[in-house]
2 protein chains.
Amino acid sequence: MSDTTADSPIGVFDSGVGGLTVLKAIRATSPAENLLYLGDTARLPYGTKSPASVLRYARRATAHLQVRGIKLLVIACNTASAVALSDLQRELEPLPVIGVVRPGAAAAVERRPGARHLVLATEATVRLGAYGGAIRELDSAATVQELACEMLVALAEEGWTHGSVATAIIGKYLRPILDAKNAARPDSLILGCTHFPLLRDAIREVAGPQISITDSATTAAAVVARQLASCGLERRARSAAKTRLLATDGASRFARVGGSFLGESLVAGDIELVDL
Amino acid sequence: MSDTTADSPIGVFDSGVGGLTVLKAIRATSPAENLLYLGDTARLPYGTKSPASVLRYARRATAHLQVRGIKLLVIACNTASAVALSDLQRELEPLPVIGVVRPGAAAAVERRPGARHLVLATEATVRLGAYGGAIRELDSAATVQELACEMLVALAEEGWTHGSVATAIIGKYLRPILDAKNAARPDSLILGCTHFPLLRDAIREVAGPQISITDSATTAAAVVARQLASCGLERRARSAAKTRLLATDGASRFARVGGSFLGESLVAGDIELVDL
């Protein structure tokens, strides 16, 4: 591992472009930081793969970021956080490693104690029950239901984030649960996949104004800022901050789809292809 | 390579469960044949990956099938057929290798000469223009438009093959093209992804009764039967035919989703995991 300093980048890792919503949130919260993003597009999606495969992929990708001398690692993928966080924390020590599941769970619990949480996530995240575990640890009065919504990943990637098709698909997942009798109806929605912040407006439209909606991108960014401060690793902005984007496959698709996740237009030349 | 006989299985390869629609068609056409299916679920989907990655994956998977002594190989994935067919045909010689693009193109041309074809496919298949090339070679009077429909892959995998959400998604892709002025409106639809036969009814509902719909699963199965006959490799049914299913990841998901593609229920124990 290279020696790291405050100027070293924060490493942000995801299976594809979804983690760019986390990168965007970190840029908003910590604008002086250099950032190095790696999207493992050759192996995406993680959400339907087995835990053993996800752990293997995450190890390979994060080892690459570590070699490049990052000062902190963010697992900006709920599935990889659910599967691999504790292993990676142990294996990459003393590098601080932050996942997105626990920050999301903590923010939802803080916002509405004793809530009935509904977590929207990928199949793998749901199967692991990661949010359920994290929430119940923080709030024994809370109840948690986790729902796999694979179509929402494709929906966000296709860019159909608003309009009747988006609300029809979201409604097909949510209506049976939201239309439940009062005592069972959730009052907190957690967006447990980094693709889903793009669908926030459409989800709000379907779920109505009463329910709280928490996404783990913004809450993870806040944890990153706190962690940097507590380690004395915050960068003082002597020069403009740099963001570098790496992908393991398909630079042009990464640029096209990723641009909408990052909220700025990208071209293929902005993306460096790496072979893991 | 092992010595192959008429009793050797036909190898069928796909990135995941989609190729099971082709396997099902081969079973219907050639019920006496032993079949060996490999779904490369650890690396799916191929449809959004780069050609270089798809070729690498296809080589690894088909080499595994060849070692197991298949007598004929079917690339039951449009993306892999578009990218890798000619390379695999050359590299695996003398093993006969059949893709799904050319049979689908030939069937559509035969059904409606001089047609205006609309090919529904994955991003990678569209980018390669494989159907356009194959059709124009067979029918210089035909016109071809290719449309990437990634959401339809997720839709088929989620099992939402009928109903208002399915027709809304299909309509969002097709309506702008089907509502074109007469001279440009397609009169032939080609299902250029092995996931799409599951959506045939919903596609028909959106597209109306006039348009012809061709899927490459059934047409590829007919080519397989002809090829076996011409090589004298047809199996005489001394004993019941066997189908073996291999996957590179996630046996339980393969069983659950694959069952609807194959049209019979599967359990995880039916799937053998292989590490490529």
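Okay, ground rules. It's a predicted model, so to speak: local features need pLDDT of at least 70, side-chain atom pairs count only at pLDDT 80 or more, and totals for chains, interfaces and linings use all residues. Residues are numbered from 1 along each chain as its sequence is written, with chains lettered from A and ligands numbered from 1 in the order in which they are written.

Let's begin inside chain A. In contact here means C-beta atoms, placed from the backbone, within 7 Å. On that basis domain 1 of chain A puts in 27 residues and domain 2 of chain A 26.

On the domain 1 side, helices 1, 2, 3, 10 and 11 of chain A each supply at least two residues; helices are DSSP runs of H or I, at least four residues, numbered from the N terminus. Helix 3 of chain A has the largest share, five residues. By class, that side has 13 nonpolar, 12 polar and two charged residues. Nonpolar is Ala, Val, Leu, Ile, Met, Phe, Trp, Tyr, Cys and Pro; charged is Asp, Glu, Lys and Arg; the others, Gly among them, are polar.

Now, the chain contact: 19 residues from chain B, 19 from chain A. On chain B's side, helix 7 (150–158) and helix 8 (164–178) each give at least two residues, and helix 7 of chain B gives the most, six. That side of chain B has seven nonpolar, five polar and seven charged residues.

Methods: Two residues are in contact if their C-beta atoms, placed from the backbone, lie within 7 Å.
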